[in-house]
Amino acid sequence: MQPASKLERRVVTAAKQALRRQRYVSPLDVLTGMGWVPLGLVSDWRQGRAPHLEAVAAVSGDRLADALEVFRRWVASRGLRPSQVEYLAATRDRRPLRFTAAGDLTQELTYRTHWTSADLPERQRERLTARQSKPPDLVVVQPLKAFTCVGCGRIDADLLMMEDPGPACLTCADLDHLVFLPAGDAALTRRARQASRLSAVVVRFSRSRKRHERQGLLVEEAAVEQAEQQCLSDEEARARRRERDRQRREAADERFQQDLAEQIGRLFPSCPPMRAAAISRHTGTRGSGRVGRSAAGRALDPDAVTRAVVASVRHEDTAYDELLMAGVPREQARERVRDDIDRVLERWRRPA
């Protein structure tokens with residue numbers, strides 16, 4: 001048997017992680033898991049701001065096709081069951097999204113096929129397929145600067161909806177009768193969305209994280225009032241449930257950080273246990289956005305765990321932070337401390 005190529009290893013790792021995490025796997029899951037299609041740009045594509053998926057990919061269409069061929073062989077070897085899923089744009093017309101520049105029907109069908117385990121009950125499989133085919137939310141953007149509405153020509157800095165001709169204000173988008181419900185109360189948001197006949201998700205671009213982040217909802221005012229009454233009626237029960245959920249999350253986080261510290265010990269046997277524990281706590285903090293909270297990190301993928309260790313060594317065992325404070329560009333600073341990092345990692349990889 002020939003050894004697997006690097007591409008095969010990356011495709012299979014991303015596919016296994018997605019299947020374990022969500023009980024199904026799609027070509028898009030694999031490409032985002034590999035980093036070939038950035039998640040932030042996937043949002044632009046889903047919202048109709050890119051002509052096709054290949055336009056936002058970090059690699060060529062030929063490389064994407066190579067990965068899909070590896071993925072096709074892998075799902076065939078696992079005996080997974082296919083389901084066809086609709087991909088619709090988060091635009092008013094809900095038009096079908098395109099994956100390829102050429103619009104090749106075979107490739108488009110490959111992208112739209114999701115795969116589930118053969119032993120998954122049929123009812124669960126149908127529910128998964130229905131949820132995946134559900135039309136996406138309409139999206140309204142809080143712009144970082146003023147824009148000119150393509151409909152009325154007014155200069156606005158509040159909210160916009162991207163349409164094919166360009167940005168439109170809420171009046172021209174027929175959404176100005178809705179009210180803004182800020183994010184923060186999950187029960188209120190869920191109930192207001194259910195009660196509102198028309199709603200839209202409000203997002204704002206984060207320069208630090210390079211992605212659009214949810215800010216709240218636009219919903220009908222009557223829906224907000226109805227949701228507030230419902231939340232008042234069961235406030236005590238929801239408070240008790242939140243406390244139980246908080247305790248469960250803390251216990252799960254503690255178990256995960258212990259597992260992560262043990263994985264660091266396996267990869268780096270001479271890393272001091274206290275240091276391994278500190279790295280696992282830092283990178284595994286819920287909501288931090290660090291590599292330990294990524295899908296690969298939660299799966300204890302060796303590459304992800306190694307990246308977390310490298311980040312710790314860079315900041316704690318080299319002059320990297322001092323170089324940044326001295327005004328050295330980030331990439332230059334990383335290059336200058338690379339040998340120092342390698343020496344620490346080599347020492348930690350030796351048997352204890």
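Predicted model: local features only at pLDDT ≥ 70, side-chain atom pairs only at ≥ 80, totals over all residues.

Residues are numbered from 1 along each chain as its sequence is written, and side-chain values use heavy atoms, with hydrogens and water left out.

Q: How many salt bridges does the count come to?
A: Side chains of opposite charge can pair when their charged atoms come close. E8, E69, R72 and R73 are linked in a network of such bridges. By the rule given above, the count comes to 22 salt bridges.

Q: In which helix do E250 and R246 both lie?
A: The side chains of E250 and R246 meet in a salt bridge at 2.5 Å, N to O. At 44% relative accessibility E250 counts as partly exposed, and R246, at 32%, also counts as partly exposed. Helices (H or I, at least four residues) and strands (E, at least two) are DSSP runs numbered from the N terminus, and the two residues, four apart or about one turn, both lie in helix 9 (residues 235–267).

Q: What is the N to O distance in the salt bridge of D44 and R49?
A: D44 counts as buried at 17% relative accessibility, while R49 counts as partly exposed at 29%. Their side chains meet in a salt bridge whose N to O distance is 2.5 Å.

Q: Which backbone nitrogen does the side chain of T100 reach at 3.3 Å?
A: T100 has its place in the loop between strand 2 and helix 5 (105–111), and it is buried, with a relative accessible area of 3%. Contact means heavy atoms within 4.5 Å, and, not counting residues up to four places away in sequence, T100 touches H52, E54, Q107, E108 and Y111. A polar contact is a pair of N or O atoms within 3.5 Å, where within protein one must be able to donate a hydrogen and the other to accept it, and residues adjacent in sequence count only if both atoms are side-chain atoms. A polar atom of the T100 side chain lies 3.0 Å from the backbone nitrogen of G103, and the nitrogen reached at 3.3 Å is that of D104.

Q: Which residue stands opposite S83 in strand 3?
A: An open sheet of three strands has the order 1-3-2 with antiparallel pairing, where two strands pair if DSSP finds at least two bridges between them. Strand 1 (24–25) and strand 2 (81–84) stand at the edges with a single partner strand each, so one side of each is left without a neighbour in the sheet. Strand 2 and strand 3 (residues 113–116) pair in the antiparallel sense over four bridges, and the residue opposite S83 is H114.

Notes: Buried < 20%, exposed > 50% of the residue type's maximum accessible area, 1.4 Å probe, protein only. Salt bridge = Lys/Arg side-chain N within 4 Å of Asp/Glu carboxyl O.
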